[in-house]
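Here is a short briefing to read alongside the sequence and the 3D view.

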Amino acid sequence: MMYKRSIVLFFSSVCLIFSIAAKNQCKMHETPCSANYSNGNLTQVPKNLSDKLNVLILDHNEIQKIENNTFSNLKLLIELTINNNKLEILESKAFIGLTSLKTLKMSGNNLDFSAYTPILFSFIANISFLDISRNLNFSKYAIQSNNYPDKALGVLVNLKTLAIDLGPIPIFGKGFKKMDKLKVLEFNNCKVEVLKNSTFINFNWSIEYLHMNRCQQFVKVEADTLKPFPNLKVLDLSDTYMHPIQAFQLLKPLANSSMEMINFHHVNDESITNNSTYSFEVNITKEMVKYIQTMCVEVLDISKNNIVDFEDGSLLTFSRPECLLNISLSENRFSLFHAHRLKNIKQFFNKAQNLTKFEYSYIPLSFVNYSHIAVKNLTNITEERIITLPSSIKDVHMSHVYHGGQPVLWKIPPNASISQFDVSFCVTVDQATASNGSEIENLDVTGVDSRVVFDKIQLYPLFKLKILVMKNTNLYITNKNQKNIFTFISGTEKLDISNNFLWKLPSDIFENMTRLTNLNLSNNLFRAVPLAITRIANLKELDLRKNLLTNINSTFQEFFDGLYAKHGVFKLHLDNNALVCDCTNYDFIRWLHKTNKTNFTFDANGYKCLLHNSTETNTSIAAAHFNELFAGCNISLWLKAGICLIATFIAIFFPFTLIYSFRWRISFYLYKRFRHTLEKGIDVKFKYDVFVYYPESELSWIKYIVMPELERKWGLKMCIEHRDFPVGKPIADTFADCIEQSRHIIFIVTSAFKNDIWGQYAVERAKYHHFSQNLQKIIVITKGINMEEIPHELAVLWKDLALIAWPDDNDKDLENVWNKLRLWLFLNH
């Protein structure tokens with residue numbers, strides 16, 4: 001027995017040794033040979049590493065020290081990464097033996113400048129990439145100057161990229177002059193406070209890329225700081241707070257040069273105004289931009305700098321505008337559409353004939369409610385307010401731009417091929433036209449009223465438009481007034497019309513969209529899947545989240561199964577609907593959780609639904625307990641027969657009693673249905689959508705709370721006494737006429753309603769028109785009273801009332817109350 005145990009132990013030991021060796025050995029045919037020990041809680045570099053390693057990764061461990069000869073056998077190692085450890089000590093011969101090393105990364109440690117001894121890097125003098133950033137504890141260098149270890153780093157004569165920390169007052173010694181192949185200098189952990197003309201004087205002229213990001217304290221800069229870098233191609237100062245005046249002044253040594261990119265994003269911040277004499281509000285002058293105007297720049301970013309204005313012939317005036325490929329003016333506060341600024345932008349687009357990307361987004365010039373519909377015709381736009389984009393343009397981003405004044409006309413030239421045209425929530429595109437032959441691949445008009453999109457923006461058929469986003473565009477209004485609104489985008493593959501108050505769609509609305517694969521109908525009011533979906537033969541993804549769906553009926557189950565069978569994949573999103581888990585939906589629950597749909601994407605945890613007893617569960621739990629929950633759904637034959645006999649008995653012996661008891665109600669119902677059908681046949685029109693009766697004390701609430709919501713946001717036409725009642729006409733006749741001409745009526749009921757004679761009169765007229773004509777909804781909103789205090793005149797109509805107890809303005813249920821009111825008004829609209 002002991003003999004057998006010894007054999008088992010021996011073979012187990014051999015297997016363990018071979019498994020460990022296999023982990024550290026590389027297969028002969030793998031290129032490159034690498035070992036990754038990240039997140040291993042290592043406190044030292046592993047021993048006995050394979051001498052065939054090309055890449056060694058030791059990130060996110062607990063290593064504090066690298067001893068001499070640690071890598072002495074790794075002569076083939078090309079890349080060594082020891083990021084985010086606790087390195088504090090590097091012995092002088094730590095890197096001996098790494099004769100092939102090209103890349104060394106040691107960022108995110110605790111390496112002080114004293115850790116870099118003069119001979120430390122002499123064993124790896126051929127490396128081309130060194131990252132020792134995010135190592136310094138700047139609290140130790142808050143006041144004193146920082147002398148960088150030029151003797152240690154100067155031996156790296158083949159270095160091309162150096163990433164290092166930048167202290168408050170940096171001093172670079174003469175040893176950096178030896179690195180004549182250095183092209184990229186990165187300071188991505190930056191606490192610099194002063195940049196002098198002599199700061200970079202000991203760097204070689206070979207530097208082409210200078211990145212100095214996120215120096216988020218005020219930096220004092222001298223004008224000739226960049227003089228040692230005459231060959232600079234990229235200057236990235238994003239999120240470094242030095243103010244635009246100093247940033248543009250920095251370009252003095254680079255005047256008349258050519259550069260790939262100048263990034264001055266967010267070089268101005270309100271936090272620095274107390275530490276400098278510069279104002280947070282920036283007005284660009286000719287003096288500020290006199291150097292950059294002479295340069296040939298391909299990419300220019302001056303976004304997020306609180307620029308409020310610029311002089312004529314300054315910001316957008318370049319001596320070599322043909323060089324510019326990309327410009328970003330976003331997140332500032334100046335308008336391009338008034339006076340000399342409009343003239344400058346027109347001239348800029350005329351001359352920048354190679355421009356491919358234009359960004360002018362998030363410009364909060366005005367928050368006044370602006371009517372998207374009351375825009376002038378295109379023929380009324382004068383020539384000076386027409387802005388023609390260059391034919392080279394590929395990307396246009398003008399999102400969230402708000403301004404008042406006269407509109408402008410954006411003109412897309414005939415030979416333009418635009419990959420993305422984003423004008424979401426943009427007031428400046430009230431007028432736009434695309435010339436015949438121009439192409440747009442991705443169009444986002446979110447937040448622009450659909451009546452503007454279809455009526456005022458003249459777009460030729462965009463057959464190559466692949467993506468169209470029309471969220472929050474009041475599409476329900478256009479959908480109601482026009483038969484087919486998508487005839488001009490027959491080639492679109494992705495369509496997003498979410499958040500549009502849609503509750504129905506014409507059956508043929510997608511008939512011409514033969515390439516449509518992704519459709520987003522989320523955040524609407526659909527109670528059932530629209531029949532129009534069945535016209536989309538190539539649909540692969542459908543988003544129906546946040547609607548009012550209770551189930552997916554068998555017709556659409558078969559349709560979706562057919563799409564899955566056709567394409568091999570189908571995604572259906574159903575979160576946040578009103579799904580029901582009862583006998584009426586048991587086939588839907590069973591279909592939803594079939595196990596043979598590997599690429600039919602649902603939420604794995606199921607969807608919330610209500611059981612027959614109104615308790616909440618989810619569809620996956622309902623499917624797991626299917627037999628228990630739905631056992632009574634298949635009623636046996638005898639039970640059905642018994643129910644039929646009872647129904648027959650009731651049908652024979654009780655009809656006359658029921659008819660006699662409810663003869664007046666039945667007669668009135670038939671009369672009402674007949675009249676309603678007749679009125680629909682002759683197309684009855686209402687002058688108002690809703691008549692609102694309110695006490696005098698609630699006038700300000702009506703004007704400033706209710707009217708903006710119903711009229712401006714929901715597009716309804718209200719009738720209120722203080723605005724719409726004519727002068728000189730008897731008030732009783734006016735009440736009667738206004739209620740007769742309104743589809744719905746809302747009573748605002750407060751404690752003063754009991755003694756309101758005209759309120760009682762309005763109730764009587766509402767009762768008359770509700771029972772004798774076509775007044776659809778009587779809605780009572782109570783404010784400050786209990787339900788039992790509702791006047792008797794309204795209590796008579798209790799079964800026909802829609803009742804709302806209005807909460808306080810800061811109540812968390814206020815949004816739900818608005819949604820309830822909107823649902824009642826729109827479902828019968």
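Cys190 is buried, with a relative accessible area of 3%; buried stands for under 20% relative accessible area, exposed for over 50%, and partly exposed for the range in between, with a 1.4 Å probe and protein chains only. Its disulfide partner is Cys215, which is also counted as buried, at 0% relative accessibility. This is a predicted model, in which local features need pLDDT of at least 70 and side-chain atom pairs count only at pLDDT 80 or more, while totals for chains, interfaces and linings use all residues. Residues are numbered from 1 along each chain as its sequence is written, and side-chain values use heavy atoms, leaving out hydrogens and water.

**Disulfides**

- A disulfide here is a pair of cysteine sulfur atoms within 2.5 Å, and by this rule the count comes to three disulfides.
- Cys190 and Cys215 are joined with an S to S distance of 1.8 Å. The torsion about their S-S bond is about 105 degrees, so this disulfide is right-handed.
- That pair links distant parts of the chain, 25 residues apart: Cys190 is in the loop between strands E11 (184-187) and E12 (194-195), and Cys215 is in the loop between strands E13 (209-212) and E14. Helices (H or I, at least four residues) and strands (E, at least two) are DSSP runs, numbered from the N terminus.
- Cys296 is joined to Cys323, S to S 1.9 Å, and this link is left-handed, with -110 degrees about the S-S bond. Cys296 lies in strand E18 (residues 296-301) and Cys323 in the loop between E19 and E20, so the pair ties together parts 27 residues apart in sequence. Both Cys296 and Cys323 are buried.
- In the disulfide of Cys581 and Cys609, the sulfur atoms are 2.0 Å apart. This link is left-handed too, with -95 degrees about the S-S bond.
- Cys581 sits in the loop between E37 and helix H8 (586-592), and Cys609 sits in strand E39 (residues 608-610), 28 residues apart. Both Cys581 and Cys609 are buried.

**Cysteines without a disulfide**

- Cys719 is in no disulfide, and the nearest cysteine sulfur, that of Cys738, is 3.6 Å away. Cys719 is buried, at a relative accessible area of 0%.
- Cys738 is likewise in no disulfide, and it counts as buried at 5% relative accessibility.

**Helix H4**

- The 13 residues of helix H4 (residues 339-351) should span 18 Å at 1.5 Å a residue, and the end C-alpha atoms are 19 Å apart, which agrees. The expected span is 1.5 Å times one less than the number of residues.
- Buried residues of H4 include Arg341, Leu342, Ile345 and Phe349.
- The buried residues of H4 pack against strands E19 (307-310), E20 (326-328), E21 (357-359), E23 (386-388) and E26 (409-412), where contact means heavy atoms within 4.5 Å.

**Glu222**

- Glu222 is found in the loop between strand E14 (220-221) and strand E15 (234-236). Glu222 is partly exposed, with a relative accessible area of 35%.
- Not counting residues up to four places away in sequence, Glu222 touches Leu195, Lys196, Asn197 and Leu250.
- From C-alpha to C-alpha, Glu222 and Ser198 are 9.3 Å apart in space, and they are 24 residues apart in sequence.

**Strands E36 and E37**

- Strands E36 (residues 541-543) and E37 (residues 570-573) run parallel and are joined by three bridges; two strands pair if DSSP finds at least two bridges between them. Asp543 stands opposite His573 in E37.
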